[in-house]
Amino acid sequence: MTEIVSLDWLALTVFVPLLGAVLSFLVPRIAPQIGLMTLALAGLCVTMLALQVIPGGPVIVALGGWGAPLGLDLRADGLAIIMLGMNVLVGGFVSLGALDTFSARHAGEESARMRRYFWPLWLLLLCGLNGAYLSTDIFNLYVMIEVIALAAIGLTVLTGRLDAMRAGLEYMFASMLGALLFLMAVGLAYLQAGRLDFAGLAVHAGEPAMMLAFALMLVGLALKTALFPLHFWLPNAHASASAPASALLSGLVLKASLYILLRFWVEIFGPGERIGMLVGAMGTGAIIWGSVQALRTQRLKLLVAWSTVAQIGLICVAFALAGTIGAQTAWQGAVLLMVAHAVAKAAMFLAAGRIAQETGHDRIADLDRSHLRPTLAQFAFALAAISLIGLPPSAGFAGKWLLMEGAMRAGAWIWVVVAMAGTLFSVAYLSRPLIGFLRFDRAPDPVGEHHGWAIADAPPLMLAVIAVISGLVAVQIIGVISIGAPFGAVP
Amino acid sequence: MNLDATMPDTGVIFGLAGILVFGIGLFGALSLRDSLRRVLALKLCGVGASFILIVAAWRGPGLAADPVPHALVITGIVVMVSATAVALALIRRIHSLENGRDD
């Protein structure tokens, strides 16, 4: 099943974005072209890799010919392929959106700086994200999450405004602390096991020092994923960044730490049910608190950011089902939810950015007073909301369905209730802007003055359409996820 | 390998010191308000974590150290330097924005 090759699409998936980042930094004049080209090449790499993995099983590459335990192995199984596909799909559309947001027709020094630095930061971020999904040892993961964090912080503060800077610093502290807890855990794990690769560590699972290491990693990764109550940095950071940056931060960056946690949980530590319950309870807290804040906030982008807190909580409910008979179904549901959230949330942030750009504000209360209606952006927002709420045939629906099925199989009805409550909450807070979009009687001037559809409306709309129809291929996605049996054999 | 049974005394002392330093840094990072102090506290955490890695390299008196954790510490130092630089640049930028001048 497993083949060992020296250098191929797998390594290129990580190194092409890195090369692109360096080039776009050195030649800022053609950075957008380099960026799009890199995304296209990364897409090609992931496609070729998928064509290797789907018929042939997991692919392992020992970098430089040095295998584990001393060297670094990169490994692609079905789950990694899905996450990589999510990166290039969402990243590709966000890049198209960024072409307009950071285009040369916006004059001014700030715009020039954003144009110059967006592409190197984003491509570096892509390098880190792809690397994280392919890593098989914990120190490589530590480096990758630091690469991701530094690039993500750069994207957060790209606008250069004071609020974004403050939010970025808060993010920086949370992120550094999370990474240091992770590093401490790496030290403890090495002390105990003398190995850093997943397989070598899994042998020692359950020993006290390893449990301590896992606890540190859990807190560090929860901090980076913004799992309640460690979410405090997220809303301001995601809401104050520029629209493409928010889309990347909310759609892709959080998924990396969530994925690492999932891998650790399944492949190394297998912590008991009690810790699963704890994470599930944190997820429940996230759903409630995130939703309540989303219901209270006055700003559209903050609403979308708080919704991210709630949605991450929903995904984490799957951890509560680990070790039960419904675990495999619940994991599959969680992965589908991660992908669905990435696509839908990127669409939603891009659409919210377009709405703010067209109407000149993002106050939810004034949406229905505006005589300007950026129709396509509002339509994209509504479609993305369908996937986030989990209406059929969206991928969000399929993911939530699997999650609840897993809970039902395990007989854990409480988590079915939690998932249902999350759905109802999301209907409640997402209908706030939707009502604003659809009410016309409070507009002082006649509605209908149309500013024209911009090309910038295309990326959010395309992403939102994909979010809605991707539920139709959920079975195929799950088929790919199961390659290499990341969640154990089918019972 | 067990933490308390086979580890020589030096290792235990270093390990406990590492955990203590990490703890002090953690306490500082969570309790301090001033940005610069928080960066310094986080640096302390980094030192504590490096201590643990160095302990992991220790194989006993007269024996060569395990080079892998040393490589990890060096990588960790590089990462911390870059992260600290970004944090300091951010703090400085916020400071100048708050005081309305561009330096």
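**Entry 1: ground rules**

I number residues from 1 along each chain as its sequence is written, and chains are lettered from A, with ligands numbered from 1, in the order in which they are written. Since the model is predicted, local features need pLDDT of at least 70 and side-chain atom pairs count only at pLDDT 80 or more, while totals for chains, interfaces and linings use all residues. I noted that the model scores ipTM 0.89 and pTM 0.92.

**Entry 2: chain B by itself**

I looked up the secondary structure of chain B and found three helices and zero strands, where helices are DSSP runs of H or I with at least four residues, strands are runs of E with at least two, and both are numbered from the N terminus. Along the sequence, chain B reads α-α-α. Of its 103 residues, 29% count as buried; a residue is buried if 20 or more other C-beta atoms, placed from the backbone, lie within 10 Å of its own, exposed if 12 or fewer, and partly exposed in between.

I then turned to contacts, meaning pairs of residues whose C-beta atoms, placed from the backbone, lie within 7 Å. Among contacts in chain B between residues at least 6 apart in sequence, 48% join residues at least 24 apart.

For confidence I used pLDDT, which is the predictor's confidence in each residue, from 0 to 100. The mean pLDDT of chain B is 85, and 89% of its residues reach 70 or more.

**Entry 3: where chain B touches chain A**

How many residues of chain B are in contact with chain A? I found 30 residues of chain B in contact with 25 residues of chain A. The elements of chain B that give two or more residues to this side are α1 (9-31), α2 (35-57) and α3 (67-98), and α3(B) gives the most, with 15 residues. By class, this side of chain B has 21 nonpolar, six polar and three charged residues; here Ala, Val, Leu, Ile, Met, Phe, Trp, Tyr, Cys and Pro count as nonpolar, Asp, Glu, Lys and Arg as charged, and the others, Gly among them, as polar.

**Entry 4: a helix pair across the two chains**

I next followed α6(A) and α2(B), whose axes come within 8 Å and cross at roughly 15°; axes are lines fitted to C-alpha atoms, for helices over the stretch in contact, and angles run from 0 to 180 degrees between N-to-C directions. That makes α6(A) roughly parallel to α2(B), as angles under 35 degrees count as roughly parallel, over 145 as roughly antiparallel, 65 to 115 as roughly perpendicular and the rest as oblique. The crossing of α6(A) and α2(B) is left-handed, a term used if the near helix is turned anticlockwise from the far one by less than a right angle, with right-handed used if clockwise. Residues that meet here include Leu169(A), Phe173(A) and Leu191(A) in α6(A), and Ser35(B), Arg38(B) and Ala56(B) in α2(B). The contact of α6(A) with α2(B) has 17 nonpolar, four polar and one charged residues.

**Entry 5: two helix pairs within chain A**

Helix α5 (residues 138-156) and helix α6 (residues 162-193) of chain A pack at an angle of about 175°, with their axes 10 Å apart, and α5(A) and α6(A) are therefore roughly antiparallel to each other. The residues of the contact of α5(A) with α6(A) divide into 15 nonpolar, three polar and one charged.

For helix α13 (residues 327-359) and helix α17 (residues 458-469) of chain A, the axes come within 8 Å and cross at roughly 150°, so α13(A) and α17(A) are roughly antiparallel too. Their crossing is left-handed, and the contact residues include Ala340(A) and Arg354(A) of α13(A), and Pro459(A) and Leu463(A) of α17(A). The contact of α13(A) with α17(A) divides into 13 nonpolar, no polar and one charged.

**Entry 6: the loop between α8 and α9 of chain A**

Phe232(A), which lies in the loop between α8 (208-225) and α9 (234-240), is partly exposed, with 14 other C-beta atoms within 10 Å.

How values were computed:
Two residues are in contact if their C-beta atoms, placed from the backbone, lie within 7 Å.
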